[in-house]
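Hi,

Here is the structure I promised to pass on.

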Amino acid sequence: QVQLVESGGGLVQAGGSLRLSCAASGRTFDLNAMGWFRQAPRKEREFGAAIRCLDGNTYYADPVKGRFTISRDRAKNTVYLQMNSLKPEDTAFYYCAAGTRYPMNNRPSRPTDYDYWGQGTQVTVSS
């Protein structure tokens, strides 16, 4: 089992920045992918960014590409999501996810690509 704990959410003005953290514990050596998803009210959960644990290869959804950066600290078993140039439409509950598989297409963007989920953290961007 793997436990994920997110932190770093909050309220920020449009154009501002936030950094989310996701601390993993448990059987982290089994993990191949870490990702961030978000869910706004009355919307489906959507993919944001992912990183391959083996080599740090990253993959981003188009709405966040160029503004968000996913990174990892292997020694701390922690994944980060640096979010810059935030927009009101980025307002959502952000979830960290971890998976033991990495899809052959190198695009781990589906919720079913992940086995473990954190409890989420709220990000609110005011206009």
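To start: which backbone nitrogen does the side chain of T121 reach? That of G9, at 3.3 Å, which makes a polar contact (N or O atoms within 3.5 Å; within protein, one must be able to donate a hydrogen and the other to accept it, and residues adjacent in sequence count only if both atoms are side-chain atoms).

Before going on, some housekeeping. This is a predicted model, where local features need pLDDT of at least 70 and side-chain atom pairs count only at pLDDT 80 or more, while totals for chains, interfaces and linings use all residues. Residues are numbered from 1 along each chain as its sequence is written, and side-chain values use heavy atoms, with hydrogens and water left out.

Back to T121. It lies in strand β11, residues 121–126 (strands are DSSP runs of E, at least two residues, numbered from the N terminus). T121 is buried at 11% relative accessible area, buried being under 20% with a 1.4 Å probe and protein chains only. Setting aside neighbours within four places in sequence, T121 is in contact with E6, G8, G9, L20, A92, F93 and Y94 (contact: heavy atoms within 4.5 Å).

Next, the cysteines. The whole structure has one disulfide (cysteine sulfur atoms within 2.5 Å). C22 and C96 form it, with their sulfurs 2.0 Å apart, and the link is left-handed, at -80 degrees about the S-S bond. C22 sits in β3 (18–26) and C96 in β9 (92–99), so the pair ties together parts 74 residues apart in sequence. Relative accessibility is 0% for C22 and 0% for C96, so C22 counts as buried and C96 does as well. C53 is in no disulfide; the nearest cysteine sulfur, from C96, is 9.8 Å away. C53 is buried too, at 18%.

A search of the whole structure gives one cavity of 30 Å³ or more (on a 1 Å grid over the protein atoms alone, a set of points where a 1.4 Å probe fits but cannot get out; lining residues have an atom within 4 Å of a point). The largest cavity has a volume of about 30 Å³, counted as the space filled by probe spheres set on the points, which are joined across faces, edges and corners. W36, F37, R38, G48, A49, F68, L81 and Y94 line it. β4 (33–39) and β5 (46–52) each supply at least two of the lining residues, and β4 gives the most, with three.

Cheers

Terms used: 1 Å grid on protein atoms, 1.4 Å probe; cavity = no way out; pocket = protein on both sides within 12 Å on 5 of 7 lines; lining within 4 Å. Helix = DSSP H or I, 4+ residues; strand = E, 2+ residues; numbered from the N terminus. Buried < 20%, exposed > 50% of the residue type's maximum accessible area, 1.4 Å probe, protein only.
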